[in-house]
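Hi everyone, thanks for coming. Please have a look at the structure on the screen, and then I'll walk you through a few parts of it.

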Amino acid sequence: MTKCTTDRQAALAAATVLIIGMVAAVGAGKLPPALMLLAAQFDMTLFEASFLIGLFQFGGALGGVFFGTLADRFGHRNIMQAGMAMTLVGIVLALSAQSSTQLLVSRAIESIGFMFTVLPGPAVLRQVIAPARLKLWLGGWGTYMPVGFALALLAGPWLMQAGARLTGAGQPQWAAVWGAHGLLIIMCWVALRLILPIPVARTDSYAGAAPRFVSLLSRTLRSRGPWLLAGLFAAYAGQYLSIVSFLPTIYEQAGLSLAAAGALTALVAGINLFGNLAAGRLTQRGINPGAMLMLASIALLLGAWLVFLTELSFAVRYACVVAMSACIGLIPGTLFVLAPRYAPDTATVSSTVGLMQQGSSAGQLLLPPLVAWSAGLAGGWSNAGWVLGAMALLNLLLAAVIWLRERPGQTDAAQANG
């Protein structure tokens, strides 16, 4: 599978991949609105329930680069199909769970399915989209997470209420959300089979036998560029998930309804996509990616502190987090644009994205429990800003390194050195 023969075919294939990514990301966003319900049903504390959020990143933290290399070695569509099948297994297990342990296991299985589904995305886009428009689509790929997350936050409370009316009070309200997600996954699996296999001639880069798995993995791990992207993604993603995932709980404690809390958080998550889209356009126009990452890191530093500052009014804190979310969308969008360039070669794009995603997953797995622990220790959310602010400083430092690499005259040398 390579560049499509017509622009229409390319756009259809790319849009299909993007929609599949968004549906996969629903798995992350469906949990926050149901978090308190799940904690009550399975008798879990807030700290214990926070692991349900982090466990969605278990697969990526465990072996993102390994899964990405599998996609490079055994075929991107095959791995995406396997990921969606595994996601369905996790959903079924959750719906039949009788204990918190079974629920946690289902979340871990979903996490591996999620990784298999989304890791091949940038590599597929690179194969089907012409170079002139590739940066725009790669920047757009960064929207899969905020869009899917926001849709789940927005639709989740409504689905839970509708499910309760249809099935009766004896059924868990959250089951309707998990069931709807499973249906969407099935539809995406069918779309992938029908739309993505477009018959075109292979390019020289992908002709012949596939490189050996160990060679792909080794080349990725020995290069500095993928590790740099992974470190920045880890710091960013852990902070972003911590802020967005705990916002509904903060709103509920402020007296807002579940539906209102979900809608407000969906806006925060959804507006993040504007930064993702802007990243593709700005890099297309020659703006230094490092400069954009530094700007977004400063916004993240300020937002992480202000959103948990209890002395401010609710309206001011909410305005701050909305503005922050719009700005920091530059980070994932820029990182996905940089991934093909920072990969050791064209055959290791999914491996590089896998290492990025592994860093992202590690941050999302570890930071939310740390934020919840600091909040519980202080008896409120005031300490959370300090934890997130420290990670934002790490973001800023790594962004400065990329800015130095991307200066005129430095890019080619940096890429030559990995």
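**Salt bridges and their surroundings**

Let's start with charged pairs: the count comes to two salt bridges, where a salt bridge is a side-chain nitrogen of Lys or Arg within 4 Å of a carboxyl oxygen of Asp or Glu. Side chains of opposite charge can pair when their charged atoms come close. Before going on, please keep in mind that this is a predicted model, where local features need pLDDT of at least 70, side-chain atom pairs count only at pLDDT 80 or more, and totals for chains, interfaces and linings use all residues. Residues are numbered from 1 along each chain as its sequence is written, and side-chain values use heavy atoms, with hydrogens and water left out.

One of the pairs joins Glu110 and Lys30, with 2.9 Å from N to O. It links distant parts of the chain: Glu110 sits in helix H6 (residues 100-118), while Lys30 is in the loop between helix H1 (7-29) and helix H2 (31-41), 80 residues apart. When I say helix, I mean a DSSP run of H or I with at least four residues; strands are runs of E with at least two, and both are numbered from the N terminus.

Are these two residues buried or exposed? Both Glu110 and Lys30 are buried. Here buried means under 20% relative accessible area, exposed means over 50%, and partly exposed is in between, using a 1.4 Å probe and protein chains only. Glu110 counts as buried because its relative accessibility is 1%.

What else does Glu110 touch? Leaving aside its neighbours within four places in sequence, Glu110 is in contact with Gly27, Lys30, Phe56, Thr87, Gly90, Ile91, Trp178 and His181. Contact means heavy atoms within 4.5 Å.

The other pair is Arg219 with Asp345, at 2.7 Å from N to O. This pair also links distant parts of the chain, with Arg219 in helix H11 (residues 213-221) and Asp345 in the loop between helix H17 (330-342) and helix H18 (349-378), 126 residues apart. Arg219 counts as partly exposed because its relative accessibility is 22%. Asp345 is partly exposed too, with a relative accessible area of 24%.

**Empty space inside**

Next, cavities. Rolling a probe the size of a water molecule over the atoms shows where empty space is left. On a 1 Å grid over the protein atoms alone, a cavity is a set of points where a 1.4 Å probe fits but cannot get out, and lining residues have an atom within 4 Å of a point. Grid points are joined across faces, edges and corners, and a volume is the space filled by probe spheres set on the points.

How many cavities of 30 Å³ or more are there? The count is three. The largest cavity holds about 210 Å³ of space. Its lining has 19 residues, with Met145, Phe233, Tyr236, Ala237 and Gln364 nearest the centre. Helix H9 (144-167), helix H12 (224-253), H17 and H18 each give two or more residues to that lining, and H12 has the largest share, with six residues. By type, the lining of the largest cavity has 13 nonpolar residues, six polar and no charged.

The lining consists of Leu31, Leu52, Ala94, Leu103, Ser106, Arg107, Glu110 and Trp178, and H6 gives the largest share, four residues.

**Core and overall picture**

Trp178 also belongs to the largest nonpolar core, which has 119 residues; Leu38, Tyr144, Trp178 and Val321 touch the most other members. A nonpolar core is a set of buried Ala, Val, Leu, Ile, Met, Phe, Trp, Tyr and Cys residues joined through side-chain atoms within 4.5 Å. Leu38, for its part, touches Leu31, Met44, Leu52, Leu103, Trp174 and Trp178, not counting residues up to four places away in sequence.

Why is helix H7 (residues 121-128) largely enclosed by the rest of the structure? Because eight of its eight residues are buried.

Finally, the whole chain: it has 20 helices and zero strands, and 56% of its 418 residues count as buried.

Definitions and conventions:
On a 1 Å grid over the protein atoms alone, a cavity is a set of points where a 1.4 Å probe fits but cannot get out, and a pocket is an open set with protein on both sides within 12 Å along at least five of seven lines; lining residues have an atom within 4 Å of a point. Ala, Val, Leu, Ile, Met, Phe, Trp, Tyr, Cys and Pro count as nonpolar, Asp, Glu, Lys and Arg as charged, and the others, Gly among them, as polar.
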